[in-house]
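Visitor: I am new to this structure and would like to learn how to read it, feature by feature. Could you guide me, beginning with the sheet?

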Amino acid sequence: MPGDGERQVKLSVSDVAVQDKRVLLRVDFNVPLSGEQVADDTRIRAALPTIGHLLERGARLILASHLGRPRGEVLPELRLDPVASRLSELLGRPVRKLDTVVGPAVEEAVKGLAAGEVLLLENLRFEKGEEANDPAFARQLAQTADLLVNDAFGTAHRAHASTAGVAAYIPAVAGLLMLREMEQLSRCLKSPVRPMAAILGGAKVSDKLKVIRRFLELADTLLLGGAMANTFLAALDYPLGASFYEEDLIGEAEKILEESEESSCCLQLPVDLVVARELKAHTPFKTVPVGEVDEGWMAVDIGPETAALFGGIAEEAGTILWNGPLGVFEIAPFHRGTEAVARAVAGSSAFSIAGGGDIVAALEGLGLAGQMGFISTGGGATLKFWEGEPLPGIAALRDK
Ligand code: ADP
Ligand code: MG
């Protein structure tokens, strides 16, 4: 099965000698900034084990990351200087930040780089060749190094120069974070402890068609909530008032409902909904059974009966995969459905994994992220991995 067992077949930083080697370490330092400061250094901290591993073994370290979406332009507010300062504080050693990604200044700096020293290149996406995966740019990037270590799991679903193209010129291996993601995410696909419950929520069915079908194959129960469940309720002809759903995906939702009858997986939709007239904090709301959403009202969360049903399934599960919040968690009190299910997942003895930007933000906001078995650092990359699609950034890594 694609997506499975990469850990066994891909070389990692633990398998190769790095003493005195010029190591290009692709990291995900795409952090939120506030002015000249790093507002949240979680992603920088996540790369520290690999950085430490390489420095202890005498690598000459060249770090590279993207930040934001400069689309091939040099944007002063997206320079990596704040990242360099924060990294330097965390490492307790100097980090020399360069103002370019490739070219003579980089070549010069790498020549003078000693074992155990750290350089940080400028924002990769200042170069058009990065996202275009331009071979000439990839070659220039590769020229300054002997080895690529890729620790940027969050970008592994993109075939960019630094994640894929470079591997045509120098060997590429996984960093420790990349290795952990591959190991944890495939752990639940390969011989999971059963029963396996998959929870899918969030906004759009269209983003998640493949993962819905994959979970129907893999899981014992598939719990659907959030706005995406609305499209399925619409496919069952329930009135949805002013709820958000995808009209053009109703046919696809019907097909999936039919497919679920053939599959051994039980697909469970909400049985009750929290409805409001507008998306505003502390706006009046009520709980109704599905089928009783009146005109002008919109479904904004799963109801308490659904939360109890989903929570009960989570408590009995051996493995839980979760992507997408079950309601508009950003607006109080429509986080309650997500919260109730998250508490059940946290209390369950199951191995639980959450992946995706918004569900991770929701769990962090609820203070429950620490109680999950594993929180994936990828959004789109995690979904692609679960879909079973080969990820270009993983495919580019050397096989064992
Ligand atoms: P993830 O990032 O975890 O993959 P998505 O990006 O698919 O999740 O969806 C997250 C968004 O879905 C959130 O902004 C949330 O407010 C929204 N959402 C969830 N339930 C509903 C709903 N019933 N109506 C409208 N939006 C919803
Ligand atoms: Mg999202």
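Guide: Strands of a sheet pair through backbone hydrogen bonds, either parallel or antiparallel. In this predicted model, six strands form an open sheet in which the pairing is parallel, and their order reads β5-β6-β4-β1-β7-β8.

Visitor: Which are the edge strands?

Guide: They are β5 (96-97) and β8 (172-174), each of which pairs on one side only. For a pairing inside the order, take β1 (residues 22-26) and β4 (residues 60-64), which run parallel and are joined by five bridges; R26, for instance, has A64 of β4 as its bridge partner.

Visitor: Which strands does helix α3 touch?

Guide: Helix α3 (residues 81-91) packs on the sheet and touches β4, β5 and β6 (118-120), with its direction at about 160° to that of β6.

Visitor: At what angle do the axes of helices α9 and α10 cross?

Guide: The axes of α9 (residues 226-235) and α10 (residues 250-262) come within 8 Å and cross at roughly 80°; since angles of 65 to 115 degrees count as roughly perpendicular, the two helices are therefore roughly perpendicular to each other. On the α9 side the contact is made by T231, F232, A234 and A235, and on the α10 side by I250, A253, E254, I256 and L257, a set that divides into seven nonpolar, one polar and one charged.

Visitor: Which residues come nearest to ligand 1?

Guide: Of the 17 residues around ligand 1, the nearest are A203, K208, E330, D358 and I359. An N or O atom in the side chain of K208 is 2.7 Å from an oxygen atom of the ligand, while for A203 a backbone N or O atom lies 3.1 Å from a ligand oxygen atom.

Technical notes. Residues are numbered from 1 along each chain as its sequence is written. Chains are lettered from A and ligands numbered from 1 in the order in which they are written. This is a predicted model: local features need pLDDT of at least 70, side-chain atom pairs count only at pLDDT 80 or more; totals for chains, interfaces and linings use all residues. Side-chain values use heavy atoms; hydrogens and water are left out. Axes are lines fitted to C-alpha atoms, for helices over the stretch in contact, and angles run from 0 to 180 degrees between N-to-C directions. Helices (H or I, at least four residues) and strands (E, at least two) are DSSP runs, numbered from the N terminus. Angles under 35 degrees count as roughly parallel, over 145 as roughly antiparallel, 65 to 115 as roughly perpendicular and the rest as oblique. Contact means heavy atoms within 4.5 Å. Ala, Val, Leu, Ile, Met, Phe, Trp, Tyr, Cys and Pro count as nonpolar, Asp, Glu, Lys and Arg as charged, and the others, Gly among them, as polar. Two strands pair if DSSP finds at least two bridges between them. A residue is near a molecule or strand if one of its heavy atoms lies within 4 Å of it. A polar contact is a pair of N or O atoms within 3.5 Å; within protein, one must be able to donate a hydrogen and the other to accept it, and residues adjacent in sequence count only if both atoms are side-chain atoms.
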